[in-house]
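Please walk through this fold one region at a time. Keep the sequence and the model side by side as you read.

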Amino acid sequence: MTQPILDGLLGNERGDLLDTLYEAPQAPDAWPRFLAQAVSATRSRSARMLVLDRRAQTVLSSIKHNIDDSDHQAYVDHYVNACPWRPELKDKLPGQLYSTFLDFSCRQKAFYNTEFYNDWARTQDIHHGVCGTVWQDEDHTVQLLIQRTRDQGHYTREETDQINDLVMHVRRAVRLQTQFSALKHQQQALEQALDIQAQPFALLDAQGTLVYISQEAEQLVASHPHMALEKHRLTFLDSRRQCALLQQLAQVTHPNPALRGSGEVIAIPLNSHLTTRCLVSPMHPHAAPSGFNTHPTPLAIVYFQDPLGDIDIDLDSLMQLFDLSEAEARVAAGIAQGQSPQQIADSHFLSVHTVRTQLKSTFQKTGTMRQSELAKLMLTSPAARRWRRPPVNLSCSA
């Protein structure tokens, strides 16, 4: 019986197993397929993979093949710790599987007298197995278990060794999955951090190719009659404004920082009454969010000022964050909300000369040199809060 079983771990079946294993880190639904292939290749009855806590006492998640759902749940809830091999398994070296018939002190006759066998394994005709810890880190223990029936016989030393030739690949696949999962969580955290910004925004390269776009910006562009996202590019449907966008992108992403432009606002009509203002600004490496500061080429950040939304900037927060006077905070908030120095002067009954003097001192305190830089700093600070006016509904069911 040994040779046909070992044949299952060679040739095409082995190749298929390895292909599935190295697919699993980026496609976790491949793990159940791996278990099914492992059962077939080893001429076994069933298999399970368990993710446990570090001490291997509590099952955190699991997959299985050819075990009834209710029986597997009973195993996870209780019988996992009633298994006579489990206490000894904790002391065995990780990185390989062990034959329950050959490598444990609980002999077969004693096994048949255990609660685990009589109340759980016997009804499923599970008599033999190979099991072991295939991965362990500071938080988790991952174990692989493959089982056979009485008629299939126990796993011999030669068979166990042959199966263990695959375990190194299982370890690598699990390690890769933990790394991919960590990167995915990091990316999700980065995206959440980016989306906290007050204005909808997009990061673009010099050609207008999207590197990142916030969810609100994507929704705004998708619903805008004069903007589009086509082939991962931001496009203004008016050719004159599209030309202006590309010119601004080229300027604010110039490879020579000394020649890099500060950016401008491009106005895109939303309808006959409202306009969407798009502020094109350089993404300075020292201010870029983690994950984008190592991008191979300079990036531009485009802020979309939603005409249906409002920006509320808390003056007290600005004063505390940047050590501004109340007058300087008002000027900074006005610039962030798209007002010119003259408009700020008119709204506060000041001379434009006074406002320009306050703006100059605000530049010095915030480390900015241009209005676009100041606006960007204010809009991405904790002092800025964005909200969108809700639609007017004339009925409760609307």
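Five strands form an open sheet, ordered S7-S6-S12-S11-S10, with antiparallel pairing. Strands and helices here are DSSP runs (E, at least two residues, for strands; H or I, at least four residues, for helices), numbered from the N terminus. Two strands pair if DSSP finds at least two bridges between them. The edges are S7 and S10 (265–269), each of which pairs on one side only. From one strand to the next, the twist averages 20°.

This is a predicted model, so local features need pLDDT of at least 70 and side-chain atom pairs count only at pLDDT 80 or more, while totals for chains, interfaces and linings use all residues. Residues are numbered from 1 along each chain as its sequence is written, and side-chain values use heavy atoms, leaving out hydrogens and water.

Now look at S6 (residues 201–204). How many bridges link S6 to S12? There are four, in the antiparallel sense, and S12 spans residues 299–305. Ala 202 stands opposite Val 302 of S12. Leu 203 has Ile 301 as its bridge partner in S12. S7 (residues 210–213) also runs antiparallel to S6, through three bridges. There, Leu 203 stands opposite Tyr 212. Five residues separate the strands in the hairpin of S6 and S7, where Gly 208 takes a positive phi near 85°.

Both faces of S6 are covered. Phe 201 and Leu 203 are buried on one side, and Ala 202 and Leu 204 are buried on the other. Buried means under 20% relative accessible area (1.4 Å probe, protein chains only).

Helix H15 (residues 371–379) lies across S11 (275–283) and S12, running at about 100° to S11. Such angles run from 0 to 180 degrees between N-to-C directions, with axes fitted as lines to C-alpha atoms, for helices over the stretch in contact.

Move to the helix pair H2 (residues 11–23) and H3 (residues 30–41). They pack at an angle of about 160°, their axes 9 Å apart. H2 and H3 are therefore roughly antiparallel, a label for angles over 145 degrees. Residues in contact (heavy atoms within 4.5 Å) include Leu 17 and Leu 21 of H2, and Trp 31 and Phe 34 of H3.

Finish at Glu 159, in helix H8 (residues 157–195). Is Glu 159 buried or exposed? Glu 159 counts as buried because its relative accessible area is 2%. Its side chain makes a polar contact with the side chain of Arg 148, at 3.1 Å. A polar contact is a pair of N or O atoms within 3.5 Å; within protein, one must be able to donate a hydrogen and the other to accept it, and residues adjacent in sequence count only if both atoms are side-chain atoms.

How values were computed. Buried means under 20% relative accessible area, exposed over 50%, partly exposed in between (1.4 Å probe, protein chains only). Angles under 35 degrees count as roughly parallel, over 145 as roughly antiparallel, 65 to 115 as roughly perpendicular and the rest as oblique.
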